[in-house]
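Hello,

Here is the structure for you to look through. My notes on its aromatic rings follow below.

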Amino acid sequence: LLGKAKILGPGGETTAVAGKVLLYFSAGWCPDCVAFGPEITKAHGELKDRVTVVYVPSETSQEEVAQAHADNSWGSWPTVAVGDPAVAGLKQQFAVCANKEMQGLGLSERKAGLPGLVLI
């Protein structure tokens, strides 16, 4: 599912992920995501040997992603690059997105809003 996706590490470098992946659909502008951030950061610390958290952003730039993580003391997990077609593809495949993204993604219904988690 993430084969062709551009995944960025904490320093902005391209990285690969393998094994079990927990997709974390989120955004720094989302109040529920900000509130949930410390919980996923804690869980990531406890589970990092068994699963890799990959952030699927709803921000519009990598700078916004970095700022959201810094402002909210979120973990430094890998991130699908903003603008990579995989961001929209994952949101469409799992029907997880912000309400305001639905029309642009061509979704008439969604299974979950933000924050959302999918284990693959």
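Start with tyrosine 55. Tyrosine 55 is buried, at 0% relative accessibility. Buried means under 20% relative accessible area, exposed over 50%, and partly exposed in between (1.4 Å probe, protein chains only).

A word on the source. This is a predicted model, where local features need pLDDT of at least 70, side-chain atom pairs count only at pLDDT 80 or more, and totals for chains, interfaces and linings use all residues. Residues are numbered from 1 along each chain as its sequence is written, and side-chain values use heavy atoms, leaving out hydrogens and water.

Now the ring pairs. The whole structure holds five aromatic pairs. Rings of Phe, Tyr and Trp (its six-membered ring) pair if their centres lie within 6.5 Å; planes under 30 degrees apart are stacked, over 60 edge-to-face, the rest tilted.

Tyrosine 24 pairs with phenylalanine 36. That pair is tilted, with 6.0 Å between centres and 55° between planes. Tyrosine 24 is in strand E3 (residues 21-26), and phenylalanine 36 is in helix H1 (residues 31-47), 12 residues apart. Helices (H or I, at least four residues) and strands (E, at least two) are DSSP runs, numbered from the N terminus. Tyrosine 24 is buried at 0%, whereas phenylalanine 36 is partly exposed at 28%.

Tyrosine 24 also pairs with tyrosine 55, edge-to-face, at 5.8 Å and 65°. Tyrosine 55 lies in strand E4 (residues 52-57), so this pair ties together parts 31 residues apart in sequence.

Ring pairs join Tyr24, Phe36, Tyr55, Trp74 and Trp77 into a cluster.

Best wishes
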